[in-house]
Amino acid sequence: QVQLIESGGGLGQAGGALRLSCTASGVTFTDYAVGWFRQAPGKERDFVAAISRMAVTTLYSDSVRGRFTVSRDNTKNTVYLQMNNLKPEDTAVYYCALGSRAKRTGDYDYWGQGTQVNVSS
């Protein structure tokens, strides 16, 4: 059974930082690229960042490029999302997912339960 467990969400301040983690089990982690998505209330789930299987390449949405950094530690089956210079518009539930290194939710096979990030101004 594949499980993805996100952690590290919570309350951050504008200009501050948070780091999210996502740990996978029940799967060969290196078979998958990992994506981060987020969903604000009443909005669609949007792509945030992705990292290839061996961390050779990364992708970012325009809204987070230069502020967020995605990385992974394949020895720990864990991917990270370092979020710097937070903005109130970063407030959302953040999800990690295993799949192809793509921006569409349909390209991902497995999803975590999500972790809430709230950024105060």
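Q: Between which strands is the loop in which Ala55 lies?
A: Ala55 is in the loop that links strand 5 (45–51) and strand 6 (58–60). Keep in mind that this is a predicted model.

Q: What is phi of Ala55, and is it positive or negative?
A: Phi of Ala55 is positive, near 65 degrees, and the residue is not a glycine. As for cover, Ala55 has 36% relative accessibility, so it counts as partly exposed.

Q: Which loop holds Asn85, and what is its phi?
A: Asn85 belongs to the loop between strand 8 and strand 9 (92–99). Its phi is positive, about 50 degrees, although Asn85 is not a glycine. With a relative accessibility of 42%, Asn85 counts as partly exposed.

Q: How many helices and strands does the protein have?
A: The count is zero helices and eleven strands. In sequence order the pattern reads β-β-β-β-β-β-β-β-β-β-β. The radius of gyration is 13 Å, close to the 14 Å of the globule rule for 121 residues, so the protein is as compact as a globular protein of that length.

Q: What does the C-alpha trace span along its principal axes?
A: The spans are about 40 × 25 × 20 Å.

Q: What share of the contacts comes from residues 24 or more positions apart?
A: Take the contacts with a separation of 6 or more: residues 24 or more positions apart make up 57% of them.

Q: How much of the protein is buried, and what is its accessible surface?
A: The cut-off for buried is under 20% relative accessible area. By that test, 44% of the 121 residues are buried. The accessible surface is about 6100 Å², and carbon and sulfur atoms hold 44% of that area.

Q: How far apart are the mean positions of the positive and negative charges?
A: There are 13 positive and 10 negative charges in the protein, and their mean positions are 4 Å apart.

Q: Is strand 8 largely enclosed or open?
A: Strand 8 covers residues 78–83, and five of its six residues are buried, so the rest of the structure largely encloses it.

Q: In which sense does strand 8 pair with strand 3, and over how many bridges?
A: Strand 3 (residues 18–25) and strand 8 are antiparallel, paired over six bridges.

Q: How many bridges join strand 7 to strand 8?
A: Strand 7 (residues 68–73) is joined to strand 8 by six bridges, and the two run antiparallel. Val70 has Leu81 of strand 8 as its bridge partner.

Q: How many residues lie between the strands in the hairpin of strand 7 and strand 8, and what phi does Asn77 take?
A: Four residues lie between the two strands, and Asn77 in this hairpin takes a positive phi near 55 degrees.

Q: In a regular strand, how are the side chains placed on the two faces of the sheet?
A: They alternate between the two faces. Ser71 is a residue to look at next, as it lies in strand 7. The relative accessible area of Ser71 is 30%, so this residue is partly exposed.

Q: Which residues is Ser71 in contact with, leaving aside neighbours within four places in sequence?
A: Ser71 is in contact with Ile51, Val79 and Tyr80. Another pair to locate is Ser71 and Val56: they are 15 residues apart in sequence, and their C-alpha atoms are 9.8 Å apart in space.

Terms used: Residues numbered from 1 in each chain as written. Predicted model: local features only at pLDDT ≥ 70, side-chain atom pairs only at ≥ 80, totals over all residues. Heavy atoms only, no water. Rg over C-alpha atoms; globule rule 2.2 N^0.38 Å. Buried < 20%, exposed > 50% of the residue type's maximum accessible area, 1.4 Å probe, protein only. Contact = heavy atoms within 4.5 Å. Areas by Shrake-Rupley, 256 points an atom, 1.4 Å probe, with all protein chains shown as cover. Lys, Arg positive; Asp, Glu negative; His and termini not counted. Charge placed at Lys NZ, Arg CZ, Asp CG, Glu CD. Pairing = 2+ DSSP bridges.
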